Amino acid sequence: MINTNEFKTGVTIAFDGNIYEVLEFQHVKPGKGGAFVQSKLKNLRTGATISYTFNAGVKIDTAEIKKIPMSYIYDNGDNAVFMDNETYEQVEMPKSQIAYELQFLTLGGNALVRFYENEVLGIILPDKMVLEVTDTPPGEKGNSATNTQKEATLETGLKIRVPMFINNGEKIVVNTTTGKYDSRAKE
């Protein structure tokens, strides 16, 4: 149990039959009436974000979330199969549940898989991933001073905008939060 006055970003709670992660919170003490906590919660089952107001001092059940490092080992039609790097145990996840994350994950790539009790809730990617450019128009020499960009297709099929000097076969760093080019990968 956690008191709403103890909310912190990243805390996971079991509330109203769902599992939520606290994204934002604000303690409010109006001139009249009781204090309350305004919060923004992410449903870990559906990915939906809601705003909810709790009375101050209310106790809410915490949800113990396990994050296990796993490798994406193969695609099984509508499911993605992940394997625990230590126990070699495998879990299947509907690709529709992790469609955004799969844009950054190659076969053999690592991610943290979130579990609540025995339920798989999704995956957590690193903030930045290194991916190879598979298709982009040729770069132009001397065109690195401006912010001009072109479209590039990465090895996962993700299409993003990259600077003009990036060529096919180069490895780049992509921000998984924004889905945008970050930098060239260091050799």
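Student: How many salt bridges does the structure hold?

Tutor: A salt bridge is a side-chain nitrogen of Lys or Arg within 4 Å of a carboxyl oxygen of Asp or Glu. This is a predicted model, in which local features need pLDDT of at least 70 and side-chain atom pairs count only at pLDDT 80 or more, whereas totals for chains, interfaces and linings use all residues. Residues are numbered from 1 along each chain as its sequence is written, and side-chain values use heavy atoms, with hydrogens and water left out. On these terms, the number of salt bridges in the structure is six.

Student: Which residue meets Glu-119 in a salt bridge, and how many residues apart are the two?

Tutor: The side chain of Glu-119 pairs with that of Arg-45 at 2.8 Å, N to O. Strands are DSSP runs of E, at least two residues long, numbered from the N terminus. Glu-119 is in strand S11 (residues 119–124), while Arg-45 is in the loop between strand S4 (36–43) and strand S5 (49–55). The pair links distant parts of the chain, and the partner Arg-45 is separated from Glu-119 by 74 residues.

Student: Is Arg-45 buried or exposed, or in between?

Tutor: Buried means under 20% relative accessible area, exposed over 50%, and partly exposed in between, with a 1.4 Å probe and protein chains only. The relative accessible area of Arg-45 is 30%, so Arg-45 counts as partly exposed.

Student: Which strands are tied together by the salt bridge between Lys-171 and Glu-132?

Tutor: The closest N and O atoms of Lys-171 and Glu-132 are 3.7 Å apart. The two residues are 39 residues apart in sequence, so the bridge ties together strand S15 (residues 171–175), which holds Lys-171, and strand S12 (residues 128–135), which holds Glu-132. The strands are therefore S15 and S12.

Student: Which residue makes a polar contact with the side chain of Ser-183?

Tutor: Ser-183 is found in strand S16 (residues 180–184) and is partly exposed at 25% relative accessibility. A polar contact is a pair of N or O atoms within 3.5 Å; within protein, one must be able to donate a hydrogen and the other to accept it, and residues adjacent in sequence count only if both atoms are side-chain atoms. At 3.4 Å, the side chain that makes this contact with Ser-183 belongs to Asp-182.

Student: How many residues has the largest nonpolar core?

Tutor: A nonpolar core is a set of buried Ala, Val, Leu, Ile, Met, Phe, Trp, Tyr and Cys residues joined through side-chain atoms within 4.5 Å. Residues with the most contacts inside the largest core include Phe-82, Leu-105 and Ile-123. Another core, of 11 residues, lies apart from it and has Val-11 and Phe-54 among its members. The largest core has 28 residues.

Student: What is the relative accessible area of Thr-153?

Tutor: Thr-153 lies in strand S13 (residues 149–154). Contact means heavy atoms within 4.5 Å, and Thr-153 touches residues including Glu-132, Val-133 and Leu-158, not counting residues up to four places away in sequence. Thr-153 is buried, with a relative accessible area of 14%.

Key: Helix = DSSP H or I, 4+ residues; strand = E, 2+ residues; numbered from the N terminus.
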